[in-house]
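Hi there,

Here is the structure I promised to pass on. Have a look at it first, and my notes follow below.

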Amino acid sequence: YTPEIEPQPTWCPGCGDFGVLKSLKGALPEVGRTPEETLLVTGIGCSGKLNSYLDSYGFHTIHGRSLPVARAAKLANPGVEVVAAGGDGDGYGIGGNHFMHTARENHDMTYIVFNNEIFGLTKGQTSPTSPKGHKSKTQPHGSAKTPIRPLSLSLTSGASFVARTAAVNPNQAQRILKEAMEHDGFAHIDFLTQCPTWNKDAKQYVPYTDINESEDYDFDPTNRAEAQELMRETEDKLYEGEVLTGVYYRDDERPSYQQEKQQIGEMPEEPLAERYFDGDYEWERSYDQFIDKHK
Ligand code: SF4
């Protein structure tokens, strides 16, 4: 399907979401994926518009629920490249439970969290990554809450690939997205995206250090303890005005959820999507049952 008129993004001028779109458009051909082989599942928020602007299959779900939909799609049709996306409120707040358990089970997909430290679409309310003391309409005296630690939470929950990048550098973001999509397992990217309309104070604009390229950060991303220590330092420094980015952790040995299911004989050889949509009896049987039930 090729739309005659390509939809134009309605994000505000200067929004970091443009950087996510640009880097994703650059990374997909690099991993050799066509639009027909790609599914982009989004939640609710400014980030949720992402699949309207990418020429691939898309599923705009409800708030915080992109991950269960993405999991189901990948299990039913493992040949599809599945990318899920949402904001920091959508992913770490409303969908926090799904985030933890999708990471724990190591489902094979890439999860992009647009982290602009507020709820953007609903006009700037405090989110799980807003810094302590941040003033908004919902917290006019300043947030009393310590922000969530997204990288540490991801690692502790069981993600096998954890990275942070920033929309101000789409080149680095494209590199990290490519690595994440090539990784077999749950790849989480905390993507710093500036919101010039509602959160001018966020540190998403300041120059960043790439920990994979800087000589100041000599560490091994396959070493869990080293990654954990560097993540905590990164999360603290963000709110002090220093931005560190890069791939923090990767475990290429751990089997994905799907691989583990296949090993114990619980995953059919033939993908579910092919069983149901090749016109075989399974599809007809389920259709007949549905019709009978609703007569
Ligand atoms: Fe981007 Fe913020 Fe505008 Fe939403 S409100 S489109 S996050 S700048």
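**What turned up**

Ser 66 sits in helix 2, which covers residues 66-76; helices here are DSSP runs of H or I with at least four residues, strands are runs of E with at least two, and both are numbered from the N terminus. Please keep in mind that this is a predicted model, where local features need pLDDT of at least 70, side-chain atom pairs count only at pLDDT 80 or more, and totals for chains, interfaces and linings use all residues. Residues are numbered from 1 along each chain as its sequence is written, and side-chain values use heavy atoms, with hydrogens and water left out.

Back to Ser 66: its relative accessible area is 1%, so it is buried (buried means under 20%, exposed over 50%, partly exposed in between, with a 1.4 Å probe and protein chains only). Its contacts (heavy atoms within 4.5 Å) include Val 41, Thr 61, Asp 90 and Tyr 111, not counting residues up to four places away in sequence. Gly 86 is 20 residues from Ser 66 in sequence, with 7.4 Å between their C-alpha atoms.

In helix 4 (residues 96-105), Gly 96, Phe 99, Thr 102, Ala 103 and Glu 105 are buried. The partners that these buried residues pack against include helix 2, strand 4 (109-115) and helix 8 (257-263). After helix 4 comes Asn 106, with a positive phi near 55°.

The whole structure has 16 salt bridges, each a side-chain nitrogen of Lys or Arg within 4 Å of a carboxyl oxygen of Asp or Glu. In one of them, Glu 233 and Lys 237 have their closest N and O atoms 2.9 Å apart. These two are four residues apart in helix 7 (residues 224-238), so about one helical turn separates them. Glu 233 is partly exposed at 30%, while Lys 237 is buried at 18%. Lys 237 also forms a salt bridge with Glu 242, at 3.9 Å.

Best wishes
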